[in-house]
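Q: Please zoom in on one part of this model and walk me through it, then follow it into its surroundings. Spell out the cut-offs as you go.

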Amino acid sequence: MARPREFDEDAALAAAIDCFWTRGYEATSVRDLADSMGITGASLYNAFGDKRALFRRALQHYSEHGTVRRYIAQADGQPPRRAIMGLFQAIIAESLADPRRRGCLVVNTALEIAPHDPECRQAVTDRLDWIESFFRDRVAAGQADGTIAPPLAPDILARHLLALVLGIRVMARLRPERAVLDAMAAPVIALLDGTAAGHAGAASE
């Protein structure tokens with residue numbers, strides 16, 4: 001008969017997420033994880049598997065419960081333009097509130113691990129595709145109700161908006177300053193108003 005867990009698995013997973021998020025995957029050892037989770041190495045392996053398996057679970061949990069997921073769940077029913085602008089504001093607010101400059105675990109994974117780990121690459125791709133689909137649906141709805149300019153197709157505009165999100169996430173680790181991040185988000189208005197259509201269209205060719 002299996003012995004019951006002698007630790008809070010949810011709390012241990014949260015500690016593992018923080019450890020990976022702060023240090024990065026490669027720089028995090030199993031000893032680092034066990035110490036931060038408050039469990040032994042044997043308990044870690046029994047409950048979560050090896051380091052790679054634990055990271056995949058940590059990334060999934062982060063994706064399902066992070067700021068972007070929470071915002072998008074709450075944005076359902078908002079006017080399309082407001083929903084798009086609100087996501088950028090939520091991301092900037094989260095970045096400014098983190099004194100450790102951890103950035104976004106999904107974006108960090110895209111840069112560090114995804115290029116040489118097919119499973120992580122797929123997980124990151126799925127996550128970014130989901131965010132892009134949020135933008136695409138809101139753009140289509142905004143173009144239909146006249147609040148978003150029509151020059152660019154929804155899929156092209158959604159891709160530009162996703163690129164701005166990624167850029168802000170990376171810059172937030174280097175210069176988490178309100179003026180810098182707000183300036184990076186400023187083109188969102190031009191894209192939605194169609195005033196950046198010529199430049200954006202050229203970039204997409």
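**The annotated stretch and the packing**

A: Over residues 29-48 the chain is 80% helix and 0% strand, with its end C-alpha atoms 15 Å apart; helices (H or I, at least four residues) and strands (E, at least two) are DSSP runs, numbered from the N terminus. An unreviewed UniProt entry puts the feature "DNA-binding region" at 29-48, and such annotations may be inferred rather than shown by experiment. Keep in mind that it's a predicted model, where local features need pLDDT of at least 70, side-chain atom pairs count only at pLDDT 80 or more, and totals for chains, interfaces and linings use all residues. Numbering runs from 1 along each chain as its sequence is written, and side-chain values use heavy atoms, leaving out hydrogens and water.

Now for Leu54: leaving aside residues up to four places away in sequence, Leu54 touches Leu13, Ala16, Phe20, Leu33, Met37, Leu44 and Phe48 (contact means heavy atoms within 4.5 Å). Leu54 and Met37 also turn up among the residues with the most contacts inside the largest nonpolar core, which has 62 residues. Such a core is a set of buried Ala, Val, Leu, Ile, Met, Phe, Trp, Tyr and Cys joined through side-chain atoms within 4.5 Å; buried is under 20% relative accessible area, exposed over 50%, partly exposed in between (1.4 Å probe, protein chains only).

Ile84, Phe88 and Phe135 are on that most-contacts list too. Ile84 and Phe88 of helix 6 are among the residues meeting helix 8, where Phe135 is one of the partners. In helix 10 (178-185), Val180, Leu181 and Ala185 are buried, and their cover includes helix 6.
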